[in-house]
Amino acid sequence: MPDPTKMQCGEIDALLSDAIEGKLTGAQLASFEAHTQSCASCGPLFAEAAAGHTWLKSLEDVEPPTEMVTNILVATTGLDTTRLHAKFGERISWLDRAQDWADGFFTPVLAFARQPRFVMSFGMIFFGLSVSLSMAGVKVTDIRHADLRPSAIKRGYYETSGRVVKYYENIRFVYEIESRVREFKKATAPAETEPIKKDNRHTNDTSQEPEQHQERNYSQGDSQQLLASSPTQPPVVILEGTYRRLS
Amino acid sequence: MVEDAQVGALLVRRCIAGDTGAWEEIVQRYHRRIYNICYRFAGSADDAQDLTQEVFIKMYRTLNTYDLEKGALMTWVTTMTRNLLVDHFRRTKQDRMTDSLDAAPSDHEDAAPLSERIEDKALTPDFGVQSRETRELVHRGLQKLSPELREAVILRDLQDMDYKDIAAVLKVPEGTVKSRINRGRAELARLLQRTYRQVM
Ligand SMILES: [Zn+2]
């Protein structure tokens with residue numbers, strides 16, 4: 001026969017977080033403490049949950065990358081350069097930056113390459129053109145369908161600059177870079193200024209549906225077992241099982 | 001929070017009316033929160049950046065479906081973030097579960113090598129919880145929790161949401177939320193204690 005004045009294990013689960021967060025008072029706190037001090041399963045659970053809470057509370061907010069707001073605005077509303085530049089100082093798009101970098105990098109080399117002994121024949125120029133295309137890996141079609149996620153851009157930037165440096169070692173073809181960069185600029189300009197917004201409107205069919213109507217689970221079958229698991233069972237058993245199933 | 005709901009609703013209305021300044025304000029207001037939820041859930045800064053951008057793109061497309069009656073903008077934004085995290089979790093299932101708590105340090109809390117941490121007595125919550133190394137261990141421990149427990153403790157202990165709002169975001173009863181938070185906290189403590197014992 002359970003004593004009606006005593007707290008049962010089932011009640012502890014509902015009060016545990018309040019107890020940890022210091023919200024229990026009076027008789028409720030007294031009977032909570034009485035139970036957790038004597039119960040072999042609730043006592044350790046209380047101690048562990050309290051420790052976990054303290055550990056979690058030691059985590060502070062991390063700073064998002066500084067360029068994040070600009071990137072989000074570019075990705076959503078398209079380029080609104082005057083406002084962005086006014087608001088975020090000298091920050092410019094990655095494409096502009098890459099072009100400026102390429103221009104600055106090759107200018108002294110180009111001056112050197114313009115000397116008569118480096119002037120190549122017409123056929124040589126065409127050869128260089130095709131090699132520069134494949135070595136730099138820059139294709140207009142690639143850029144149009146480029147992955148514009150920040151991490152992908154970062155990755156792409158390092159890969160491309162790696163290839164460009166390799167190319168630069170082959171100084172015979174340096175003469176062609178200037179025209180390539182000009183073409184590169186011309187070819188990518190429309191893709192850059194075209195608002196992403198427009199495109200989104202057309203693909204806007206089903207995305208909002210799940211927000212309202214459908215519960216999303218990490219895996220279908222498992223969540224039911226998770227919800228059904230009894231809180232009075234030793235938690236470690238439930239958790240170990242859940243963890244393995246979900247992994 | 002009532003105030004926040006009103007401000008949020010007004011921002012959305014201005015946004016739909018074509019005020020780009022309002023959209024920028026929304027981004028300014030919520031990007032830090034979304035980024036932090038994503039970072040703590042997904043574990044890496046790169047993923048968090050991609051996911052945050054994904055959240056805002058989705059939000060921008062669906063702003064006109066936001067309904068104040070159903071809750072504050074913050075709850076709506078958090079729900080959207082959480083749903084994208086579910087998708088992300090399913091998408092990346094293959095790549096996970098091979099790394100241990102001793103993997104390379106994550107982006108925001110550089111950890112000292114494990115050998116140096118052995119000396120560190122800060123691994124009980126009473127001592128030196130502020131240390132970077134401990135925070136790094138906690139962050140990695142969090143990644144080991146099942147996603148249901150992880151999201152519950154992130155929303156409660158890191159984002160300070162109340163149980164009612166968490167229940168709305170996760171679409172489960174408040175009792176279930178509390179139970180998951182209890183188990184999430186306890187499981188994290190056990191994971192960290194186990195790691196510590198292995199090191200010794
Ligand atoms: Zn008990």
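Start by selecting B:K171: just after α8(B), this residue takes a positive phi of about 55°. Helix names here follow DSSP runs numbered from the N terminus (helices are H or I runs of at least four residues, strands are E runs of at least two). You are looking at a predicted model, in which local features need pLDDT of at least 70 and side-chain atom pairs count only at pLDDT 80 or more, while totals for chains, interfaces and linings use all residues. Residues are numbered from 1 along each chain as its sequence is written, chains are lettered from A and ligands numbered from 1 in the order in which they are written, and side-chain values use heavy atoms, with hydrogens and water left out.

Now step back into α8(B) itself. How many of its 8 residues are buried? The count is 6, so the helix is largely enclosed by the rest of the structure. Buried means under 20% relative accessible area, exposed means over 50%, and partly exposed is in between (1.4 Å probe, protein chains only). To highlight the buried ones, pick B:Y163, B:D165, B:I166, B:A167, B:V169 and B:L170.

**Salt bridges between the chains**

Next, select B:D160 and A:K57. They form a salt bridge, with the closest N and O atoms 2.7 Å apart. This pair crosses between chains: B:D160 sits in the loop between α7 (147–158) and α8 (163–170) of chain B, and A:K57 in helix α3 (residues 42–57) of chain A. A salt bridge here is a side-chain nitrogen of Lys or Arg within 4 Å of a carboxyl oxygen of Asp or Glu. Is B:D160 buried or exposed? It is exposed, at 53% relative accessible area, while A:K57 is partly exposed at 39%.

Move on to A:E60 and B:R135, whose side chains meet in another salt bridge (3.9 Å, N to O). A:E60 lies in the loop between α3 and α4 (68–77) of chain A and B:R135 in helix α6 (residues 132–144) of chain B, so this pair joins two chains.

Then try A:D61 with B:R32, where the closest N and O atoms of the salt bridge are 3.5 Å apart. Here A:D61 is in the loop between α3 and α4 of chain A, and B:R32 is in helix α2 (residues 20–42) of chain B. A:D61 is partly exposed at 41%, and so is B:R32 at 30%.

For a network, select A:E21, A:K23, B:R156, B:D157 and B:R185, which are joined by salt bridges that share partners. Over all chains, the count comes to 17 salt bridges.

**The zinc site**

Which atoms hold the zinc ion? Show A:C9 (SG), A:H35 (NE2), A:C39 (SG) and A:C42 (SG): these protein donors lie 2.1 to 2.3 Å from the ion. Donors are N, O and S atoms within 2.8 Å of the metal (3.2 Å for Na, K and Ca); water is not among the atoms, so sites may look incomplete. The angles subtended by the 4 donor atoms run from 102 to 114°, which makes the arrangement tetrahedral; four donors count as that if all angles lie between 85 and 135 degrees. Along the chain, the donors follow the spacing C-x25-H-x3-C-x2-C. A:H35 is buried at 11% relative accessible area, and A:C39 is buried at 16%.

**Into the core**

Now select B:W23, B:I26, B:Y30, B:F56, B:M59, B:W76 and B:L142. Of the 65 residues in the largest nonpolar core, these touch the most other members. Such a core is a set of buried Ala, Val, Leu, Ile, Met, Phe, Trp, Tyr and Cys residues joined through side-chain atoms within 4.5 Å. The largest share, 11 residues, comes from α2(B).

Zoom in on B:F56. Beyond its neighbours within four places in sequence, its contacts (heavy atoms within 4.5 Å) include A:I72, A:T76, B:W23 and B:Y30. Apart from this core lies another of 13 residues, among them A:L15, A:L16, A:I20 and A:C42.

**Last stops**

Select B:Q49 in helix α3 (residues 45–62) of chain B. B:Q49 is buried, at 6% relative accessible area.

Of the 247 residues in chain A, 34% are buried.

Methods. Tetrahedral: all angles 85-135°; square planar, octahedral: opposite > 155°, others 65-115°.
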